[in-house]
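Thanks for passing this one along. Here are my notes, point by point, for you to read beside the model.

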Amino acid sequence: MAVLNYVESERKVEEAIYNKKLLSGEGWLYTIEPGEVLRIVDVEGNQAADTLFYDADHPSDHYSAINTILRQRNIYLSTGSVLIAESGKELVKIIADTCGRHDTIGGACSAQSNTVRYSHDTLPMHNCRDTFMLQMAKFDKRTTKRDLAPNVNFFMNVPVTPAGGLRFDDGVSAPGYYVEMQAINATTVLISNCPQLNNPCNAYNPTPIQLIIWDK
Amino acid sequence: MNNTVSSIITKTIPAGGKWSARIQRGKEITFTALEAGANVSLLLYNADDTAERYNMPDTLKAQYTAFLTKGNVLMTDHGRVLASLVEDTVGWHDTISGYSTRKMIDEKYGKTTYQEHRNEWYRSGEENLMVELFRNGLTTCDLSPVINLFSKVYCDEEGNMNFVEGHSKKGESVTLRTEMDVLLVLSNTPNPLDTRNTYLSTPIEVKIKGAEPVLENDICLKHRDENRRAFENTWEYVMLTKGGIQ
Ligand SMILES: [Zn+2]
């Protein structure tokens with residue numbers, strides 16, 4: 001069962017090959033090779049790291065939220081979850097997690113969905129899907145908006161009830177909590193560190209995340 | 001033959017069948033299960049710009065629900081309404097379980113081939129959808145979460161997904177009203193979480209006719225403020241691209 005599955009990592013930050021602070025509202029696109037480990041740290045707590053994954057060798061094969069939850073028959077991601085692409089190819093596996101539960105049903109915020117969820121005048125506000133699109137536009141001329149799929153929201157809490165309710169709650173995360181994943185196949189990771197100011201997913205206060213990579 | 005709003009088109013989608021069509025704004029599409037235990041996996045795109053499509057997360061979070069029923073609308077990734085769920089005798093339609101794959105069907109129900117079984121071989125949602133997407137100029141990168149009409153899957157407190165057997169009965173129906181010109185793609189294949197170990201797929205009737213105009217007291221329009229704003233976005237789009245709202 002992939003929920004509230006706390007596992008701490010043995011890895012030492014001093015031994016990392018890459019270490020970057022990503023401010024809220026910023027994007028990050030990076031390819032991790034098989035065996036490499038990526039840690040995402042919720043530096044100040046209650047932040048949402050909206051993340052997409054692509055088969056680095058075939059970027060048209062994107063992360064599939066549905067295939068991933070279907071395979072584990074559980075909608076929350078935690079230690080042990082294998083994140084898979086639309087084709088079924090295994091991309092990364094979560095190997096440590098001090099938060100315990102991550103969302104992949106809630107999707108990324110966008111200018112257009114903000115107008116629906118909050119009010120028409122939120123259209124100009126910065127949002128995750130704009131960040132995704134800017135990164136993709138710079139990344140590979142072959143990718144288009146059609147390559148954007150439902151993503152993972154690390155550290156985000158979207159409880160679903162047996163009666164079918166769904167809502168965005170204050171996070172189950174806290175300062176310093178992290179999630180760590182190991183690449184099974186070469187995987188391009190696309191992150192938007194969410195700038196959302198309208199809901200409690202990041203406590204109305206978007207904050208930085210830290211991205212740390214170890215080689216195998 | 002004439003083209004008045006009373007014109008009705010009826011299709012029967014057999015067990016394992018697939019279908020796709022471009023359907024104009026302002027139509028009612030009624031799906032009727034001809035046997036118990038139906039499941040129809042459905043994708044929807046803006047017919048004029050297929051890069052705009054049904055977005056499961058946006059649809060669910062705007063309506064604070066993890067399933068679909070009467071009063072809900074199906075939203076695009078551009079904050080617009082593709083179609084509204086205007087009638088429903090079933091009460092719960094799944095949109096978090098996705099479509100069945102070839103691997104899944106072979107492993108669960110036993111391998112079948114056309115060579116051996118002719119048209120009785122077991123079709124998968126994956127292949128049905130891929131063929132219809134490709135036929136309409138789309139590719140596998142356009143695959144996205146589907147709506148599984150007639151199926152109920154709920155999550156317990158720990159997030160485990162549970163398929164409810166016997167959820168939909170023979171004769172039950174659900175009606176979608178198109179709010180923009182759409183490309184509809186469907187596969188009449190088992191839900192991936194179906195707990196029965198025989199390949200059960202039941203024929204579906206699809207009936208399409210002209211819809212009444214959306215009135216101020218429309219159940220989908222007034223379901224939530226979020227729905228109204230999505231309709232307003234849609235109407236603006238129709239004004240800009242079609243020159244007005246009929
Ligand atoms: Zn966001």
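1. A word on the source first: this is a predicted model, so please read each value below as computed from predicted coordinates.

2. Let me start where the two chains meet. On the chain B side, 46 residues are in contact with 42 residues of chain A. The area buried between chain B and chain A comes to about 3700 Å², and carbon and sulfur atoms give 58% of that area. If you want names to look at, B:K61, B:C141 and B:R229 supply 18% of the area that chain B buries against chain A, more than any other three residues.

3. Which elements of chain B supply the touching side? α1, β8 (153-155) and α5 of chain B each supply at least two residues of the side that touches chain A. With six residues, α1(B) gives the most to that side.

4. One salt bridge between the chains pairs the side chains of A:K145 and B:D77, at 2.4 Å from N to O. A:K145 sits in the loop between α3 (128-139) and β7 (152-154) of chain A, while B:D77 sits in the loop between β5 (73-75) and β6 (81-88) of chain B, so this pair joins two chains. Are the two partners buried or exposed? A:K145 counts as partly exposed, at 22% relative accessibility, whereas B:D77 is buried, with a relative accessible area of 8%. Another salt bridge to find by eye is formed by the side chains of B:D58 and A:R129, at 2.8 Å from N to O.

5. Over all chains, the structure holds 28 salt bridges. One of them lies within chain B, where the side chains of B:D48 and B:K242 meet at 2.9 Å, N to O. This pair links distant parts of the chain, 194 residues apart: B:D48 is in the loop between β4 (40-46) and α1 (56-62) of chain B, and B:K242 is in helix α5 (residues 225-242) of chain B. B:D48 is partly exposed at 39% relative accessibility, and B:K242 is partly exposed with a relative accessible area of 38%.

6. Chain B has a further salt bridge between the side chains of B:E226 and B:R224, at 3.0 Å from N to O. Here B:E226 is buried, with a relative accessible area of 7%, and B:R224 is partly exposed, at 29%. Salt bridges that share partners also join B:R22, B:D48, B:D181 and B:K242 into one network.

7. Next, helix α4 (residues 125-135) of chain B. Which of its residues are buried? They are B:G125, B:E126, B:N128, B:L129, B:E132 and B:L133. These residues cover an arc of only 165° around the axis, which puts them on the same side of α4(B). As a reminder, an α-helix has 3.6 residues a turn, so residues three or four places apart point the same way. On the other side of α4(B), B:F134 and B:R135 are exposed. The buried residues of this helix pack against β2 (18-23), β4, α2 (102-109) and β11 (182-187) of chain B. Following α4(B) is B:G137, which has a positive phi, near 85°.

8. A:C109 lies in the loop between β6 (90-97) and α2 (111-117) of chain A, and A:C194 lies in the loop between β9 (187-193) and β10 (209-214) of chain A, so the pair ties together parts that are 85 residues apart in sequence. Both A:C109 and A:C194 are buried.

9. A:N199 counts as buried, at 5% relative accessibility. What does the side chain of A:N199 make a polar contact with? Its partner is the side chain of A:Y118, at 2.9 Å. Leaving out residues up to four places away in sequence, A:N199 touches A:R117, A:Y118, A:F168 and A:Y204.

Key. Residues are numbered from 1 along each chain as its sequence is written. Chains are lettered from A and ligands numbered from 1 in the order in which they are written. This is a predicted model: local features need pLDDT of at least 70, side-chain atom pairs count only at pLDDT 80 or more; totals for chains, interfaces and linings use all residues. Side-chain values use heavy atoms; hydrogens and water are left out. A salt bridge is a side-chain nitrogen of Lys or Arg within 4 Å of a carboxyl oxygen of Asp or Glu. Helices (H or I, at least four residues) and strands (E, at least two) are DSSP runs, numbered from the N terminus. Buried means under 20% relative accessible area, exposed over 50%, partly exposed in between (1.4 Å probe, protein chains only). The arc is that of the directions from the helix axis to the C-beta atoms. Contact means heavy atoms within 4.5 Å. Buried area is the accessible area (1.4 Å probe) that two parts lose on being put together, summed over both. A polar contact is a pair of N or O atoms within 3.5 Å; within protein, one must be able to donate a hydrogen and the other to accept it, and residues adjacent in sequence count only if both atoms are side-chain atoms.
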